Amino acid sequence: SCLQLGLERFHGVGILGFNSAEWFIADIGAILAGGFAVGIYTTNSPEACHYVAENSSANIIVVENHKQLQKILEIEDRLPHLKGIVQYGEEIKEKRPNLYSWREFLELGRDVPDSRLREIIVSQKPNQCCTLIYTSGTTGQPKGAMLSHDNLTWTAAMAGRFIGLSDAHERQEHVVSYLPLSHIAAQMCDIWAAMTFGVQVHFAQPDALKGSLVETLREVRPTAFLGVPRVWEKMEEKMKSVGMKASALRRRVASWAKEVGLQTNLKRMNGCSEVPVNFRLAQQLVYRKVRKAIGLDRCTKCYTGAAPITRDTLEFFLSLNVPVLELYGMSESSGPHTISLPHAFKLGSCGKELAGCHTLIHKPDKDGIGEICFSGRHIFMGYLNMEDKTKEAIDEDGWLHSGDLGKHDKDGFLFITGRIKELIITAGGENIPPVPIEDAVKNAVPIISNAMLVGDKAKFLSMLLTLKCVVDTETGEPRDELAPEALEFCQKLGSKATKVSEIISSKDKAVYAAIQKGISAVNEGAVSNAQKVQKWVLLEKDFSLFGGELGPTMKLRRPVVAQKYQEQIAQFYTDTST
């Protein structure tokens, strides 16, 4: 059908929609027909869609529904390569030329002889590009990372083997597809590794990330599951709020089980294999029920990646005997580079390199921390039509520079300490990685949802803070009402506040004092005076995908936040009296 519509060699087929069988079919069809499979984020504006379609010379764009179709219709007159639009998720509202329903699209290919398709397939080479992943990049225009057939097939086979995915002939694996397929992580798990090992893929509802995911997990009971940190944090928050409503006895049993779970799993992590009797008891009373409640009772591989996760969240799940394992990589390395394993993980580490992948720590300092560089068959071909950017990423020796800072420990585990671009360099010349300080504040003050450290080129550090609030399930927009755990926090302090705006407008004494107390405690443990947080402000709205402060994988987009709240940031450094 792609060929019949006039798809030319090395031209894009853009796919804009939530995960579905049609998404997979369009992706693989585009590749076999000699084009590029190009996922487009469903949250993209029409302009952002135009950039990707134009950059990949898209001949065909596949959309899910009327809403996504509107974005393409708005820009189609500026897409000279576009030959057809296909809508798969719902019936077409109004007919127009070059717009096809999924059924009509499949019919188009009936008269194309198999020999024509076979000819194209035979002409393809393993080192040619077949997929473009547009890096959502927190800065500048997105770059189209070119991945070859070999990048995808080799990485899928190696990563699947490394984590011990079973071949369907031996045991059927099950996964839930819900993370954006325009991102390498979901594509690697849901399409390429699944195809390599015969994994059964179950599609979630489009509102998965707004709350329906757990229902899907309970229905499917996946054997492997990859969640971005925000997904694990949301589960943790939900489980804590359910736990608060339990009887006193149940709460005591749960906290005993969590203590046993954490201690046993930390010992396991350090190589001790014996299982104490109380752990077996806790398994019957608590852990099994918890796993069942979140649909992970068959899941032997629980993973997190794409953004940093806090030690707190990892320990919470570890205490319930759900080891959440970290992996690390980037679009430019076809997804994974290092992966933790159930028998080989350390809290805070991203694990060890996949077989056939190598790491170089570039220009390490006295603590062994330097830029993490990769090599291996998973390294991408370069950025489409951006030779200068490709040269910035891959050096003359073929090492891919990640932009991340990190080190290996004595056992060969990789630890990431920050991003080069994220480092705050104060007026005094101190290099400060923000994430550990932000995590410490969130940890010290449980009512805080997001924290962002600022102070580049300034005399001292300040912090933007948001409170945990209820999120609109339809739009994903953060609301003014405090979340249940935030309400409980306020009640314990003796505050009557139920809304974020009430706390801010009245400068709620109890809440402000509690936040200051938490920040002071974090400052007590600071490495130096330069790393202390001197000022902070509460923002009216929590960060979200909706507001643009978080990227598609829920990564904090620091430049966007800095731009959006520039007045509040400026205030820190002009107002000398406070």
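Strand 18 (residues 400–408) and strand 19 run antiparallel and are joined by five bridges; helices (H or I, at least four residues) and strands (E, at least two) are DSSP runs, numbered from the N terminus. This is a predicted model, where local features need pLDDT of at least 70 and side-chain atom pairs count only at pLDDT 80 or more, while totals for chains, interfaces and linings use all residues. Residues are numbered from 1 along each chain as its sequence is written, and side-chain values use heavy atoms, with hydrogens and water left out.

- Look for L405 and you'll find its bridge partner, G418, in strand 19.
- Both strands belong to an open sheet of four strands, ordered 15-16-18-19 with antiparallel pairing; two strands pair if DSSP finds at least two bridges between them.
- Strand 15 (358–362) and strand 19 (414–419) sit at the edges, each pairing on one side only.
- Neighbouring strands here are turned by 50° against each other on average, direction ignored.

**Strands 1 and 2**
- Strand 1 (residues 12–16) runs parallel to strand 2, with four bridges joining them.
- G14 stands opposite V38 of strand 2.
- In strand 2 (residues 36–39), F36 and V38 point one way, A37 and G39 point the other way, and all are buried (buried is under 20% relative accessible area, exposed over 50%, partly exposed in between, with a 1.4 Å probe and protein chains only).

**Helix 10 against helix 11**
- The axes of helix 10 (residues 248–269) and helix 11 (residues 277–293) come within 9 Å and cross at roughly 130°; axes are lines fitted to C-alpha atoms, for helices over the stretch in contact, and angles run from 0 to 180 degrees between N-to-C directions.
- So helix 10 counts as oblique to helix 11 (under 35 degrees is roughly parallel, over 145 roughly antiparallel, 65 to 115 roughly perpendicular, and the rest oblique).
- The crossing of the two is left-handed, meaning that the near helix is turned anticlockwise from the far one by less than a right angle (clockwise would be right-handed).
- Residues making the contact include W256, V260 and R268 of helix 10, along with F279, L285 and Y287 of helix 11; contact means heavy atoms within 4.5 Å.

**Cysteines**
- There are zero disulfides in the structure, a disulfide being a pair of cysteine sulfur atoms within 2.5 Å.
- C129 has its closest cysteine sulfur in C130, but at 6.2 Å that is too far for a bond. C129 is buried, at 5% relative accessible area.
- For C490 the closest cysteine sulfur is in C469, 12 Å away and also too far for a bond. C490 is buried too, at 0%.

**Loop residues worth a click**
- A458 lies in the loop between strand 22 (448–454) and strand 23 (461–467), and counts as buried at 10% relative accessibility.
- Leaving aside neighbours within four places in sequence, A458 is in contact with T426, A427 and Y573.
- S57, in the loop between helix 2 (46–55) and strand 3 (60–63), has a positive phi of about 45° although it is not a glycine.
- N321, in the loop between helix 12 (311–319) and strand 12 (324–330), is another non-glycine with positive phi, near 60°. N321 is buried, at 10%.
- For context, most residues other than glycine have a negative phi.
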